[in-house]
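Please open the model in your viewer and keep the selection panel at hand; the stops below say what to select next and what is there.

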Amino acid sequence: MKFQDRTQIEALTKFNSQGDFVTSFFLETDKGRLNRKEIQLALKNLLSGAKAQACGLAAGKEKTESLLRDLDIIADYSSQALASSNSAGLAAFSCSQRKFWQTLELPHGPRNRVIFDANFYVRPLAAILDKYSPICVQLISHREARWYSVSMGEIKLLDELQSDVPSRVREGGFEGNESKKIERHLDARLQDHFKKTAKRAFDLSKKHPFEWLFIGCEDNHGADFEAHLHSYLREKIKAHIKSRLNDSPAKVLQEALDVEARLKKTEEEETVQRLVGELERGGLAASGLRDTIHRLNQFEVLSLVVTHNFSKPGRICPTHKILYLDELKCPICDKKTDVVQDIVDEAIETVLKRKGSVKHITPPSKLDHYGQIGAFLKYKA
């Protein structure tokens, strides 16, 4: 199954292991960067190290055997997927003890890892999701229009439209009023084409929702066409691109991805600057791991901002699921807290479960000076 949207992450975060360990597996399989032999060697070393780790957990015979079964299933799946899949990455989530198994093909190569924990490790998925936005690419000329969906690095034709609009050809014998009448007629036909195209675009947006709209328009008619677009769609216009109707889907995709990457970088910079601004004026923001975790425990966090691959161990209350950096006992129930390998991942999962958002920031950035993590707050308790 291809990784497509946030609902797949939410399904993993909701899985209840009932105290058993679960296994999360990530492997980069980008054949444009690695050859088959390199990928197979990385897989072999990854699983070998994971087996040694599972046997050294002192988790009890039954739980250890469950983890080893997970790894055997993952090994079989990976061997088959490497022969049949062209995806840049593979992910698998297994809990043999609870008969749970889920695989995902990823559009972006993840860091190779196997994680044993009480919850599935979804942070790499959240980072990939943050890297892409659902995009509609609309290409339009004076008589044709075409729509593409670009999502997770792939392109798909959505619809096409043709209108009977004559070319603007001046023929001998037409002068004065007659010539103006022809021009008015052509303009009316052209505006009808734009109106029809704008309506089709709005209808498509309801069937195939997207966040960003990229427009490629021939003959300098962009402003005329956009005037007919619904205000809802005008607000989604993020870029005017060079691609045209006669360009191949591969060429359109490459330009869309290049533009998306630039916009995402700008978006990251603006997010960090906005967070820093809130912090400096004492507004609704927090920074640093300890304060951010505290605000999260207080249900104050609206969205999380975190440096890509920033990771720290921590602890969690098994009863209340409250996160701590170093509390050996939960102050609320006095029970011993459990160790978690990555408290940042636990924070990300918590925010996503509460329908909040997570923005991953590519280092280096100004966020590095504020503990590599921060949050926008709903309020301050």
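Select helix α8, residues 249-280, which lies across β5 (135-140), β6, β7, β8 (212-217) and β9 and runs at about 130 degrees to β8. The model is a predicted one, in which local features need pLDDT of at least 70 and side-chain atom pairs count only at pLDDT 80 or more, while totals for chains, interfaces and linings use all residues. Residues are numbered from 1 along each chain as its sequence is written, and side-chain values use heavy atoms, with hydrogens and water left out. Helices (H or I, at least four residues) and strands (E, at least two) are DSSP runs numbered from the N terminus; axes are lines fitted to C-alpha atoms, for helices over the stretch in contact, with angles from 0 to 180 degrees between N-to-C directions.

Next, select the five strands, which form an open sheet of mixed pairing in the order β7-β6-β5-β8-β9 (strands pair if DSSP finds at least two bridges between them). At its edges are β7 (154-162) and β9 (237-240), each of which pairs on one side only.

Arginine 146 stands opposite glutamate 160 in β7.

Finally, move to serine 85, in the loop between α3 (61-84) and β2 (89-95). Why does serine 85 count as buried? Its relative accessibility is 6%, and buried means under 20% relative accessible area, with a 1.4 Å probe and protein chains only. Leaving aside residues up to four places away in sequence, serine 85 touches Lys31, Leu90 and Glu105, where contact means heavy atoms within 4.5 Å.

Key. Buried < 20%, exposed > 50% of the residue type's maximum accessible area, 1.4 Å probe, protein only.
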